[in-house]
Amino acid sequence: MPWLLGVLLLGVGLAQPLTLPDLWERVYGEGGFRVERVLERTPRFTRVLFSHLSDGLRVYGFANLPLGQGPFPVVVVLHGYVEPSRYRTLAYTTPYADFLAEAGYLVLHPNYRGHPPSEGRPAMGLRHVYAVDALNLLAEVRKGVLPQADGRRIGLFGHSMGGGIAQLVALVDPRLKGVVLYGSMSGDERRNLERIRYWSGGTRGRELLTLPPKTLVEASAWTYLERVAVPFSIHHGTQDAQVPPEWSWELCRRLKSLGKPVECFSYPAGHLFRGPVDQAFRQRVLAFFGRVLQ
């Protein structure tokens, strides 16, 4: 099986990139889900550390479990790039996970492989292995590993790199009910690799120079937008100096031209929203999930 060969090559240090056709061939849900310990109790939810298996690696994250029996609709928050060696489980996107839990959603905030305490090595360019981690987690939720979770009502919230991962996951898992993209990376992997090489001073993103053009095309979510089966809510700051806002506007245009359900919002803000802008964004996110996760 091609995907198994890719896993073996990655294990011995050889880069074997995954494309969307590779992701479509896989079966997800490797088991091993467990709640490790309680991290915090708040008046509205309990935060726990969880782990599960992905490509045989134990991958961690936290879950915010609303008080009550449920079942609660689920939102999976996919964080953006943080230097993996400095990553901490309660990442910068934790406030978004918390506000969604306070609104009654069961929130899963996964780490990715190579982000402590998760096992494995982090991706250096293409982030498709992180999509594998998320897809394995979604499969576990649908198996009923968290009895409070309604596996029929799951949405994604992805910021920056997490938005790029969310686009991949949405194309592989059509049972998702909705996707929020916030300052998202592109669905064109050539653009992403160019940006990664720029940010890193050429230390990462070498696939841009080594991968055949056909592979980059097949790795790109935008190649397969006609297969999108879930609504999108796209948000970007017009002053974003890290991820070009035009990438989000182009995705909006492409989805609209294909007749896909999409809403698009711009904000006078940078890569992370603050103050009144962030409050407006949060209200729109709640309105969107309120519709699609009914």
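A123 lies in the loop that links β5 (106-110) to α4; helices (H or I, at least four residues) and strands (E, at least two) are DSSP runs, numbered from the N terminus. This is a predicted model, in which local features need pLDDT of at least 70, side-chain atom pairs count only at pLDDT 80 or more, and totals for chains, interfaces and linings use all residues. Residues are numbered from 1 along each chain as its sequence is written, and side-chain values use heavy atoms, with hydrogens and water left out.

Is A123 buried or exposed? A123 is buried, at a relative accessible area of 13% (buried means under 20% relative accessible area, exposed over 50%, partly exposed in between, with a 1.4 Å probe and protein chains only). Setting aside neighbours within four places in sequence, A123 is in contact with V129 and Y130, where contact means heavy atoms within 4.5 Å. From A123 to G259 the C-alpha distance is 33 Å, across 136 residues of sequence.

## Cis peptides and positive phi

Let's turn to the backbone. Most residues other than glycine have a negative phi, and most peptide bonds are trans. The loop holding A123 is also the place of P117, and the bond from P116 to P117 is cis, with omega near 5 degrees. Another cis bond joins G70 and P71, with omega about 5 degrees; P71 sits in the loop between β3 (57-66) and β4 (72-78).

D55 has a positive phi, near 55 degrees, and belongs to the loop between β2 (45-54) and β3. S160, in the loop between β6 (149-159) and α5 (161-172), also has phi near 55 degrees. D55 counts as buried at 15% relative accessibility, and S160 is buried at 8%.

## The nonpolar cores

A nonpolar core is a set of buried Ala, Val, Leu, Ile, Met, Phe, Trp, Tyr and Cys residues joined through side-chain atoms within 4.5 Å. The largest has 54 residues, and L108, V169 and F232 have the most contacts inside it. Helix α4 (residues 128-143) gives this core its largest share, 10 residues. A second, separate core of 24 residues includes F62, V107, V285 and V292.

Beyond residues up to four places away in sequence, L108 touches a set of residues including F50, V76, L137 and L146.

## The whole fold

The protein has 10 helices and nine strands. Buried residues account for 58% of its 294 residues. Among contacts between residues at least 6 apart in sequence, 69% join residues at least 24 apart.
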